[in-house]
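Please view the sequence and the model together before reading on.

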Amino acid sequence: TRGLRERSRSFPPGSALGVLKWRLQTTDASIVPITVNCWPSVAGDGTCECTLEYELVRAGMELANVTMSIPFPPGCGQPQVTCEAGEATYSARNNALVWAIPVINSSNSSGTLEFTVTGVEASQLFPIMVEFTSTKTFCEMQIGEVLNLETREPILFASSTMLAVESYSIV
């Protein structure tokens, strides 16, 4: 049962109001819905070749607005990039290569980004920051009904569910 602390007040009609928030904080990588692997290798001529790969590991999840941001040191060369899903853009101003994938689901559950760049040591490509949202959560909780506190009659309501990443980094 959820309600306002002050029972004499009602929920504001027509306004979004967070009623229940849940937070999961863990270092257990086995529960995250997406895994990201990075394999950089530096050649003798100072060229760094890197492969970044993602895999959706939680069946039934659909991730939206997925971004993976790879840091680059100032003054490095423009990377040569190929990716099989989404779009990768390099920002010299922000010193980062950002791989943006609008949706990851069962139809594109894995993907690869490859790039080559000069003037970068492998350790300088970390931490890689990963962000995404989803309308599915880990616990898949739903609101069954909303009742008038005094009459106990059901009332019309709307709800939305969202999962958002606060911090997910590959170090």
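## Surroundings of F72

Beyond its neighbours within four places in sequence, F72 is in contact with P79, Y90, N95, A96, L97, F115, V117, V120 and L125; contact means heavy atoms within 4.5 Å.

The model is a predicted one, in which local features need pLDDT of at least 70, side-chain atom pairs count only at pLDDT 80 or more, and totals for chains, interfaces and linings use all residues. Residues are numbered from 1 along each chain as its sequence is written, and side-chain values use heavy atoms, with hydrogens and water left out.

## Aromatic pairs

Three aromatic pairs are found in a search of the whole structure. Rings of Phe, Tyr and Trp (its six-membered ring) pair if their centres lie within 6.5 Å; planes under 30 degrees apart count as stacked, over 60 as edge-to-face and the rest as tilted. One of the pairs joins F72 and Y90, which are tilted, at 5.3 Å centre to centre and with 50° between the planes. Because F72 lies in the loop between β3 (63-71) and β4 while Y90 belongs to strand β5 (residues 87-91), this pair ties together parts that are 18 residues apart in sequence. Strands are DSSP runs (E, at least two residues), numbered from the N terminus.

Both F72 and Y90 are buried, that is, under 20% relative accessible area with a 1.4 Å probe, protein chains only. The ring centres of F72 and F115 are 5.5 Å apart and their planes are at 35°, so this pair is tilted. F115 lies in strand β7 and F72 in the loop between β3 and β4, so the pair ties together parts that are 43 residues apart in sequence. F72, Y90 and F115 form one aromatic cluster.

## The nonpolar core

The largest nonpolar core has 33 residues, and those with the most contacts inside it are L52, Y54, M68, I70, F72 and F115. Such a core is a set of buried Ala, Val, Leu, Ile, Met, Phe, Trp, Tyr and Cys residues joined through side-chain atoms within 4.5 Å. Two or more residues come from each of β1, β2 (47-56), β3, β6 (96-104), β7 and β8 (128-134). The most are given by β2, with five residues.

## The open sheet

Four strands form an open sheet with antiparallel pairing, in the order β1-β2-β7-β4; strands pair if DSSP finds at least two bridges between them. The edge strands, β1 (34-42) and β4 (80-83), each pair on one side only.

Strand β7 (residues 110-118) pairs with β4 in the antiparallel sense over four bridges. The bridge partner of C83 in β7 is L113.

How values were computed: Buried < 20%, exposed > 50% of the residue type's maximum accessible area, 1.4 Å probe, protein only.
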